Amino acid sequence: MASTNDLKNGTVLNLDGNLWSVVEFQHVKPGKGGAFVRTKLKNVLSGKVVDRTFNAGAKVDTATVDKRDMQYLYRDGEDFVFMDSSTYDQINVSAATVGDAANYMLESQEVIVATHEGTPLYVELPTSVVLEITYTEPGLQGDRSTGGTKPATVETGAEIQVPLFLEQGTKVKVDTRTGDYLGRVN
């Protein structure tokens, strides 16, 4: 048990049988009445975001979330297989748990897998990854970096928007949170 005064961004709370991650919090002390803590909570499993207010100093149940560095090995049917980098234990994580992270994961890539009581909750990728463009329409003479964008398929199968001048086989840096093109990699 912890107090609402101990809340930090990223803290995982166990409320009503669900796990909620604190996205942001604000300690409010109005001129009249008692102080309170206004929070924005994100459901760890479904991703739903809600606003919740607690009285200052109220007790909240924190959940222990174990974050481990793991290596993505391969896809096994609907599951993804990860290996713990320190113990070499392998775990299977369902495609629903991996979610959109699958669009930017290459085999043997290092990721962080968060678990609670042995159950995988989510997969955390680095903020950017380098991927190769496997298909895009050819560029035309006169296409410049300040022009528009075109769709391109990267080696994981995800489709991103890239500048018109990029060609097939080019390695690009992609933001894993938004799927945005960040630049070319030589």
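Let's start with His-116, which sits in strand β10 (residues 110-116). Strands here are DSSP runs of E with at least two residues, helices are runs of H or I with at least four, and both are numbered from the N terminus. His-116 counts as buried because its relative accessibility is 13%; buried means under 20% relative accessible area, exposed means over 50%, and partly exposed is in between, using a 1.4 Å probe and protein chains only.

What does His-116 touch, if you skip residues up to four places away in sequence? Leu-19, Ala-63, Thr-64 and Leu-121, where a contact means heavy atoms within 4.5 Å.

## Where this comes from

This is a predicted model, in which local features need pLDDT of at least 70 and side-chain atom pairs count only at pLDDT 80 or more, while totals for chains, interfaces and linings use all residues. Residues are numbered from 1 along each chain as its sequence is written, and side-chain values use heavy atoms, with hydrogens and water left out.

Most residues other than glycine have a negative phi. You'll find Glu-117 in the loop between β10 and β11, and it counts as exposed because its relative accessible area is 72%.

Tyr-88 also has a positive phi, near 65°. It belongs to the loop between β8 (79-84) and β9 (90-94). Is Tyr-88 buried or exposed? At 59% relative accessibility, Tyr-88 is exposed.

## The whole chain

Zooming out, the chain has one helix and 16 strands. Its C-alpha trace spans about 70 × 45 × 25 Å along the principal axes. Of the 186 residues, 35% count as buried. Looking at contacts with a separation of 6 or more, 42% are between residues 24 or more positions apart.

## The largest pocket

The largest pocket has a volume of about 930 Å³. A pocket is an open set of points on a 1 Å grid over the protein atoms alone, where a 1.4 Å probe fits, with protein on both sides within 12 Å along at least five of seven lines; lining residues have an atom within 4 Å of a point. The volume is the space filled by probe spheres set on the points, which are joined across faces, edges and corners.

Of the 32 lining residues, the closest to the centre are Lys-42, Val-44, Tyr-122, Val-123 and Glu-124. Strand β11 gives the largest share of the lining, four residues.
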